[in-house]
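Thank you all for coming.

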Amino acid sequence: MNEEHLQSVLHAAPGSGAELLSGLGIVLYVGAALIFVAVIALVLHATFTDRLRASTRAWVVGGGIVFPAVALFLLLNYSIAVGSAVSAIESGSALRLLLDCFRIDSKARIPPPAPGSLRIHVDGKQWWWDVRYEVRSGDTSSIVLANELRVPLDEPVELLLTTSDVIHSFWVPSLAGKVDMIPGRTNRLVIRTSEPGIYRGQCAEYCGGQHALMALYVIAQPREEFEAWLTRQAQPAEAPRDDLLRSGYDAFFKGRCPECHTVRGTPADGASGPDLTHVGARHALAAGTLRNHIGTMAGWIAGAQDIKPGNPMPDSEVYTGRELRALSAWLESLE
Amino acid sequence: MLPIAAVLLLGCTHESGYEPNVPGGNAERGRRAIAALECGVCHEIPGVPGAWGHVGPPLVAYRGNVYIAGKQPNRPDVLMRFVRDAPSLAPDTAMPAIAMSETQARDIAAYLYSLE
Amino acid sequence: MSAVDSARALPNPLPRPPDELERLQHVWKPPKGWRLLSAVNNTYIGLFYTGAALLFLVLGGILALLMRTQLAVPENDLVDYDLYNQLFTMHGSVMMFLFAVPVIEAIGILLLPAMLGARDLPFPRLSAYAFWAYFAGGIVFFGTIFFDVAPDGGWFMYPPLTSFKFSPGLRSDFWLLGIGFIEISAIAGAIEIVVGILRTRPPGMTLDKMPVYVWAMLIVGGMIIFGFPPVILATALLELERAFHWPFFVAEQGGDSLLWQHLFWLFGHPDVYIIFLPGAGLVSMIVPAMARTPLVGYKWVVLAIVVTGFISFALWVHHMFATGMPHLTTSFFSAASMAVAIPAGIQVFAWLATLRRGRVQLATPTWFILGFFGIFVLGGLTGVMLAVAPYDWQVHDTYFVVAHLHYVVIGGMVFPVFAGIYYWAPFVSGKPLSERMGKWACALMFGGFNLAFFPMHISGLLGMPRRVWTYSDTLGWDTWNMLSTVGAFVLALGFAIALLDLLLHLRPAGKVDTNPWQAGTLEWLPLDDYGVRSIPHVESREPLWDQSQLREEVDSGRHYLPGTLTGERETIVTSAIDARPEYLLRLPGPSWLPVFAGLGTAAFFLCLTVKLFIPSMIGAVVALVSIFKWLWQSEPASTNRLYDIGSGVELRDHMTGRRSHSWWAMVVLMLVDGTIFSCLVFAYFYFWTVSTKWPPPPFDLPDGATSIAAAIAWSASAAVLAVAHRWLRAGVRRGALIASLVGAAMLAWMGFALNFMTLSDANVRPDQHAYGAVIYTMLAWQGLHVALITLMGGYTIARVLAGMVDDTRRNTFDNTRLMSYYTAAQGLAALFVMHSPSVF
């Protein structure tokens, strides 16, 4: 499962909305290239050849009005068809006709998710993503993680996108187009992929200081693996297994960590920072900025302001070397 | 007097003739391993993009260091062990044991020694 | 005698009086030495303005090079995130507000009078004022980058990021106040340009004979008049939110951050065409001249420009496709955005057909025109891609868009401007710039541009969002970014060569008599500081091609107004549609007043930004005193004579009422005000639509009875001046006139006080909910107008007392009267809007 895909419009995942958009893109690139070459060839020919004929009707009306009008009319209809196909909406008969005209078959379309199916709430924050699974209708507090979404293969998954502070934009280019997260509104995006792997995404709307370091990962896996992960995520953190981990646990509470972070199963219930209950299982740290291992964890705790200056997490300078190592080890053990 | 002092001073560095090298280590591979393991989160390491951390000591001109972490002699075998498992050599260190292969450790040591 | 009849009498065969030319030269002589800064003549202001705009191009370009250097390699630490965010915000803001819009107005001010055969534009001191306010304000605004207080919210400054909560400190304020008043300067320039084009055309130049560039500038002037108000309002609202916490954009308090986006792009998209259409206009002038054949499809091109102007106001939502709007909305704006490609296509094919018919001179301007085609066509095509909503969901806010917008703006405006610089340099200095340097510059700019910006399409498609200060080396963006950086430096070298060429070889000459490209339009007539020696009667679109003797005739004073008749600077005002001579406009000469007024205005806004209230008040006083003093000198007394401007056409030297240029400018200003007010009404209804209950509990509607009283007071205020107008025409005594002006102002204030009571009695407060904020802003805007008519009334009273207002000399009174009508109408409309929830 662990293949990391490029964060790229040009590398759309099969079965995703991005794949349809990528097909649309090819039509656009080819069309634009042909028109560009033709126009430039005509300009150069006109410039370097004297006194050619050019009737207003043929050139201005034909080239400037009729040709673009026809091409744009077709393009508009095609784009409306593709737009509806990736938007997980019920298509009315007119739209279905349009989809058939442009041969967008029903398997390629992103269907509206079935009622009661998995919904994930993603809330943008400066500069990370709070992720909550709505497993049962209305319950969004039992599975909480950050900067990572796991989704089952081949199933449309509905994302509900909000923000707690400024405008962000949720964008995983290999899976779907971007959707803004706007204060006071809830936007919706349905994603699907039929290829397992790790898809990188990044905030696309400038959101202040560390906008550049606000990434996330969507990990697609087969249904059974996903279920196992989900079950694990729903559980609270395990008690520390050995002395090292126990001293790490103590260090967590010695510092100011619990003020902002929650670790379910412990007294730590801070709400402003990412939930750390299963932080050890995540693909990355600091919103996609660092790989997740004990070394980067220690570095992030001690040097958060070095790595991502201006982010709300302070450098923790209260720990001895041993404590920092133990703390990192404990957090990494939270899988 | 002056020449003697100079010799004494030089004696404190490897420039007195000791040339650490890491048999089988590939500095370029080591540089890539450092980038992949993100050692730069804590250390300033010349030649590695984004390696400007201040959590640990800067590894600028590392070849010239006499001691590793102020505790162990700066020798290739020690350094290789240190980058993989620092606590075993310096129990109070903040640097955790980092999971990596022996080859990676060798390459990383080779790269660090290439920093003059 | 009508103009058509008189034209038959031209050229005037009579010998010219011996001292006529000398007197003309004398009155138009520019001030010498450092006093040249007090010049107001369009030639000098146009050059200052263009020079300043090019300076900001260089400064903005340096910021871009810093950014490109930072992004050359992944995880670079040349600049940190905080400086980088200021760099891209300043780059965008400087290029859009301090370079692009000013440079098109600057070129307009420089070229238009010559193309229209006018001696100057109708309000030379207004141009000077607009320039100085812009220049001083722009320099200070740019300077913020050196003090770490430059704005860092991106050039479109989306709240809530830019509001008080997430951007405390001064950075955003510099943007809002700095850019806010530079927009006001742009509007001043637009009023000058629109009134100039409509009223100072040469006799005979009916609308269908106007050069295409003039058409473009006319439409662009109109677009500025309707396009800038939304952003002026938006900046005012955001500043009110920042300063007083009026929650226009705070979702929890009934505001909506998307309102900013609507208002910003309602300006921002027309702005793209405000920049592009003049560029296209320049191309429409240069292509026929270089191809030595008239533009093919003139009427189509003009139609395309007009249509673009209209459609450009229906596209703004395509900047917001990713905000999650309904499909139908998306499809509508998608269609409109595609539709704008058609007028662009018309122009491209008209130029193409012209190039085909002609025999093209391969000089530097042609090189830049070819570069323009190569860049702009691609930018247009990627523009169509962005209009495709689902595709935009992918590339929006990525480097693909960065590439697209630079292809459009640099292709559509910068290349035509440089083509124009090389094409019109002889018009300024009498001789061309260096062909060698020009061609090198063009080649480097073209190559560098494509190397810098083409790879950005790819980095964008590879997932690189815009406005990132760093990126990881694992994303595959390294190579493309390195190419972009190298290209940026090559492009910069090209610019440097062209600008060096200008520094070395452009020496403004007083007397210019050259037509190196054998062009057909009036700006290639022999010129001096006074413009053309005599204002020609125009019979075709390319008079110099069709009237072979015109150069000689004009230069020997055989057309209209060959000298100075009143002993002052003057030009002919003609009717707006068919360009019949209407009166002789006496123009003001050099003065320091517009300079002081401009600097004072800049000081007022900038000191206000840093909360230096006393210096800011001093700035305001300097500006107001200078403006009143300069106005005092305007509208000189009529000599009550008829002046023969040549071949028996006799004109007065003064005009009042609807035919006066002053009335036209006032109407344009009211259009600006009305547009700002309409946007405010839009905001009101917008909040209503996003709210579940309106007015939101616990607030209530304004009090009804008091509202009616306010409406009566405002109506009465306007009625008083309407009556006074009749009295004035009937020759009433001063006392009654003064009493009516005082009465009108007092009634207006009474209306304001009553309107205020309607809100305070209903317990509406501005800082609790967007509802209160928006209606208080309406009230404040109305209050500003009441204050304005009070000032104008006081000034009119002063002129009445000085004996400077009477039946024939009453532009001052008329302007006050018009503003008072407008204020009353706006007050009534505001009251209606405030009560609309009980109607609908």
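Predicted model: local features only at pLDDT ≥ 70, side-chain atom pairs only at ≥ 80, totals over all residues.

Residues are numbered from 1 along each chain as its sequence is written, and chains are lettered from A and ligands numbered from 1 in the order in which they are written.

Chain C has 25 helices and 4 strands, where helices (H or I, at least four residues) and strands (E, at least two) are DSSP runs numbered from the N terminus. Its radius of gyration, taken over C-alpha atoms, is 27 Å, close to the 28 Å that the globule rule (2.2 Å times the number of residues to the power 0.38) gives for 840 residues, so chain C is as compact as a globular protein of that length. The C-alpha atoms of chain C fill a box of roughly 80 × 70 × 50 Å along the principal axes.

Now to the pair: how do α8(C) and α14(C) pack? Helix α8 (residues 257-291) of chain C meets helix α14 (residues 399-429) of chain C at an angle of about 40°, with their axes 8 Å apart, the axes being lines fitted to C-alpha atoms over the stretch in contact and the angles running from 0 to 180 degrees between N-to-C directions. That makes α8(C) oblique to α14(C), a word for angles that are not under 35 degrees (roughly parallel), over 145 (roughly antiparallel) or 65 to 115 (roughly perpendicular). Residues in the contact (C-beta atoms, placed from the backbone, within 7 Å) include C:V272 and C:F276 of α8(C) and C:G412 and C:Y423 of α14(C).

Notes:
Contact = placed C-beta atoms within 7 Å.
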